[in-house]
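Me: I would like to go through the labels attached to this model and ask what each one rests on.

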Amino acid sequence: MTDLTSMASQKLASRESDSVTLIEKATGRHIVLPVLEGTAGAKTIDVRNLYRELGYFTFDPGFMSTASCESKITFIDGGKGLLKYRGYPIEQLALHSTYPEVCYLLLYGDLPTAEQLDSFNGSIKNHALLNEAMRVFYRGFRHDAHAMAIMVAAVGALASFYPEALNVHDPRDREISAHRLIAKMPTLAAWSYTYSVGRPFVYPRNDLDYTANFLHMMYGRPDKDFIANETFVRAMDLILILHADHEQNASTSTVRLTGSSLASPFAALSAGIGTLWGPAHGGANESVIRMLEDILASGRDLRHYINRAKDKNDRFRLMGFGHRVYKNYDPRAKIIREMCHKILAELGADNPNQPLLDVAMELERIVLEDDYFVQRKLYPNVDYYSGIIFRAMGIPANMFTVIFALARTVGWLAHWMEMMSEPQSRISRPRQLYTGVEHREYVSIDKR
Ligand code: CMC
């Protein structure tokens, strides 16, 4: 049973380091609000008792100043451009680690020993197959269905196969579901691609590593094996590492919110995938490539697009620039930019994507010198370069966000497991500032 005792009595890991006093000017009524400090990041005012004691809600649309939970998973310092998973800087993980190792780190809190990693990999490989009924499920989609639409549905549908393991209060059930989801995402993602191009579904291979296996299922065929280019496998693994988690972003917050109703992790992740799809979030990588292609095709000066992005009467934005948290270079963009150059160098100067990269570089150069973007601290984000790498690897644009979803699956799960393991958890339910009509008497239809 869920413990529904007051949140304010919940034992927190953060420490109370100070307090602020909020005084109602008209009456002098006041409340002393504790200030909470974590191990890093901004101090937080604990407003949990505010409504009960003074009758006020806080107003923060878009959650510009709201910490929705305590978390030990990922830390971002947007001003300094820092990103750490479980305390490890992303640069070190990008250089030395692999995606399965990062998955273990995010889920369990520490880097695995060789034995632990072996056993984790074994479990993931064991769960990579999909129930055969999923083949029929895929066939219900139009041949040109967007791969993200298929993913939203397919991940939710998975719940129907595991009714015996969906007790969200059981830590072992949660762990099995997490392994299943991490294991099956590459199969689901690859099949949404092969279906769209009319190729047969390719089954997972246990002798391949996680990332090579994903590429095998995307590009392999029953009549001939796919031999993966090593640089491409490494680039894909790096992309998965860089996208694995990003603390309380919109899709992760969605997963937490859905999970807070005690819904299954499959339902929670399906909701998260839907949120990620939007162009302001994970869908930006697809939008970036479409924007660069439009720019290239139009033959217009880049200034035309930059001026449009600055025009408040035009909804056009430079996709791949700006971030809610980073007010400095996105550290993931720095790493991915380097990999992007490596891949394009390997492909040679006459590769068909070179003109696209040239436009991307020139756009970045102009933006970084332009007052509008400098003043607003708008730097290229991770999606700016991931789109170009994907294009160079021959991945179609409608798969870009699917790969982001595949990578972020572990982050969503780590947050869901963290939340579900709290002894006292409550359904997430924000309040509102109502500005509609206060009261009306019903008028029958013949009198309106
Ligand atoms: N092009 C032009 N102007 C921009 C852009 C942009 N890409 N991004 C922000 N601005 C302006 C915005 O108009 C506003 O100007 P003003 O202060 O004059 O009103 C100011 O910068 C602040 O923007 P905001 O919309 O209030 O910032 P936000 O934190 O609400 O939005 C964002 C962040 C990422 C949604 C936004 O920067 C954006 O739409 N960027 C393009 C889409 C994109 O690349 N998204 C991927 C994000 S990174 C991956 C991920 O997390 O999924």
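What follows is a set of questions about those labels, with the value set against the definition each time.

Me: What should I know about the model before reading the values?
Reply: This is a predicted model, in which local features need pLDDT of at least 70 and side-chain atom pairs count only at pLDDT 80 or more, while totals for chains, interfaces and linings use all residues. Residues are numbered from 1 along each chain as its sequence is written, and side-chain values use heavy atoms, with hydrogens and water left out.

Me: Which residues are closest to the ligand, and how many surround it?
Reply: The ligand is surrounded by 22 residues, the closest being His281, Arg317, Leu318, Gly320 and Arg324. A residue is near a molecule if one of its heavy atoms lies within 4 Å of it. By class, 11 of the shell residues are nonpolar, 6 polar and 5 charged. Here Ala, Val, Leu, Ile, Met, Phe, Trp, Tyr, Cys and Pro count as nonpolar, Asp, Glu, Lys and Arg as charged, and the others, Gly among them, as polar.

Me: Why is Tyr104 called buried, and what is Tyr108 called?
Reply: Buried means under 20% relative accessible area, exposed over 50%, and partly exposed in between (1.4 Å probe, protein chains only). Tyr104 has 11%, so it is buried; Tyr108 has 32%, so it is partly exposed.

Me: Where do Tyr104 and Tyr108 lie?
Reply: Both are in helix 3 (residues 99–108), 4 residues apart, about one turn of the helix. Helices (H or I, at least four residues) are DSSP runs, numbered from the N terminus.

Me: How many aromatic pairs does a search of the whole structure find?
Reply: The search finds 20. In one of them, the rings of Tyr104 and Tyr108 have centres 4.6 Å apart and planes at 40°, so the pair is tilted. Rings of Phe, Tyr and Trp (its six-membered ring) pair if their centres lie within 6.5 Å; planes under 30 degrees apart count as stacked, over 60 as edge-to-face and the rest as tilted.

Me: Why is helix 17 called largely enclosed?
Reply: In helix 17 (residues 382–392), 10 of the 11 residues are buried, so the rest of the structure largely encloses it. The cover includes helix 9 (230–243) and helix 18 (400–420).

Me: What makes Pro186 buried?
Reply: Its relative accessibility is 2%, so it counts as buried. Pro186 is found in helix 7 (residues 171–196). Leaving aside neighbours within four places in sequence, Pro186 is in contact (heavy atoms within 4.5 Å) with Tyr210, Phe214, Met217 and Leu406.

Conventions
Helix = DSSP H or I, 4+ residues; strand = E, 2+ residues; numbered from the N terminus.
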